[in-house]
Amino acid sequence: MTTTTNEAGKVKRSFKMPTVYTILFIIIALMALLTWIMPAGKYDYMVNGTDQIIPAAEVLDYDGGERLLPIPGSYQELESSPQGVIDVFMAPIKGFHKAVDVALFVLVIGGFLAITMRTGAMDSGVAAIVRKFRGREQMMIPVLITLFALGGSTYGMAEETVAFWAVILPVMAIAGYDRMVAAGIILLGSGVGVLASTVNPFATGIASGFAGLPIGDGIVLRVIQLAILIVLASWYVMRYASKVKADKANSVLADIEFNDEFSHVKEDAGEFTTKQKWTMGIFFGAFIIMIYGVIPWADMGITAIPTLWWWFDELSTLFLASAILIAVINRMSEGDFIKTFLEGAKDLIGVALVVAVARGIYVVMENGVIIDTILNWAEGIVTGLSSGVFVVVTYFVHIVLSFFIPSTSGLATVSMPLMAPLADFSGIGRDLIITAYQSASGWINIFAPTAGHLVAGLALAKIPYERFLKWVMPFVVMVLVVTVVLLFAGAAMM
């Protein structure tokens, strides 16, 4: 609750949404309370890929390293283990221990992105594309949307898009378009990319880790989803751009007067140098190697290609080495490298801590032995549902959860330990649950006023949020329909 004083001197009280950390800590406390109310219990589990069965009473002590699958109908109650106040406060600390590989990976990614952005290669690369298509801006729209979508899909490009408004806004104005076209290119491009994440470490990576899957599992459906949404976003923005160019009265911003149009932005980010080309080659190359390293080729029946079985330790090493290589190519001093890398890691400390605090929820539930009790209750609900209906329901559940836990990584940490085993009961792959989760979270962030990069970009372009919301809603509905159809089809093909 916050208080403000109006002109009459009266105190006005307004509700302010607590931070994600507070929300997660409240959930930890509520889960601890449930351990006093709900009976403790466990399923018998089967070791993935074998016939070995771990009895319910021995599951908590199992440390074989393999993924365990709950056996439907085997749930049995165990001795209660209620969690107290000290357990609540210790949960985030223990959560950090359990998620340290994920947290470290997040910090390394932050340093890697900061080193890349420091070189200016990203800005100059986009500027070079803008110059190349000058006079053919209509064709530039799908190209830029695709680039932003690839950034969103591979490394969760969102906040980084704010820098590109300064390059794209003037060019769209010169081409005869309005500011909403620039907004569509940047926000819809990166938005559908994040929604259809393929190897995004902050969405797919963290969710896969807590679901016990390689990041590459389910990548085929996500690539199809990404391709469809890129085409849809390009069509939507190009259609609007053509109408505006034909008649300025068709602009949703036609009645707004912009006085100091683009006086505060740059049109040119400089020449795209050879060093910067090498930089971007290494940048995207790291993600290509990451994709190769995490795909379980052997599980897919492909033996001609060696399976590396990489996970967070190997991926952290890959991006650390790539950051060093980029620094060497750009002749960055040792001091500048360390300073920039640490600044990038510092920017993502919040994400790492969200993962730790969210993991604390699982710690309390695990120590209170109520996870399987909740799963047993949920098993009764999903029994009888077709796999397609179940995965669509999961998608809408994650949409609701996204309102309360806006952090992508936090939501993955909270939901996957529960949602992923439910997939086993429904006869669908856990990778489809991950696709449903990240699709829901990404869908919300296409238009939610809580998305920082969206609000910042619209503020820079001086576009009222309500105008953007009105403009984007038909697209948002189309994305919802496409995603539901793809999820249903994905479940039907299993």
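Predicted model: local features only at pLDDT ≥ 70, side-chain atom pairs only at ≥ 80, totals over all residues.
**View 1. The largest cavity and its lining.** Looking for cavities of 30 Å³ or more turns up a count of one. The largest cavity has a volume of about 30 Å³. Around it sit V194, A203, T408, Q438, S441, G442 and N445. Helix 17 (residues 430-447) puts in the most, giving four residues to this lining. Sorted by class, the lining has two nonpolar residues, five polar ones and no charged ones.

**View 2. Helix 4 against helix 10.** Here helix 4 (residues 121-132) packs on helix 10 (residues 274-294), with the axes 9 Å apart and an angle of about 105° between them. Since angles of 65 to 115 degrees count as roughly perpendicular, that is the label helix 4 and helix 10 get. On the helix 4 side, the contact uses A121, M122 and S124. Helix 10 answers with Q276, T279, M280 and F283.

**View 3. A stacked pair of rings, F112 and F283.** The whole structure holds 14 aromatic pairs, and this view picks out one of them, F112 with F283. Their ring centres are 5.3 Å apart and the planes sit at 0°, so the pair counts as stacked. F112 belongs to helix 3 (residues 100-118) and F283 to helix 10, so the pair ties together parts that are 171 residues apart in sequence.

**View 4. Helix 2 crossing helix 3.** The axes of helix 2 (residues 85-98) and helix 3 come within 5 Å of each other, crossing at roughly 75°. That angle makes helix 2 and helix 3 roughly perpendicular as well. F96, H97 and K98 make the contact from helix 2, while V100, D101 and A103 make it from helix 3. This time charge does show up: the contact has two charged residues, along with three nonpolar and one polar.

How values were computed:
Residues numbered from 1 in each chain as written. Heavy atoms only, no water. 1 Å grid on protein atoms, 1.4 Å probe; cavity = no way out; pocket = protein on both sides within 12 Å on 5 of 7 lines; lining within 4 Å. Points joined across faces, edges and corners; volume = space filled by probe spheres on them. Helix = DSSP H or I, 4+ residues; strand = E, 2+ residues; numbered from the N terminus. Nonpolar A, V, L, I, M, F, W, Y, C, P; charged D, E, K, R; others polar. Axes fitted to C-alpha atoms, helices over the stretch in contact; angles between N-to-C directions. Parallel < 35°, antiparallel > 145°, perpendicular 65-115°, else oblique. Contact = heavy atoms within 4.5 Å. Phe/Tyr/Trp six-rings, centres within 6.5 Å; stacked < 30°, edge-to-face > 60°.
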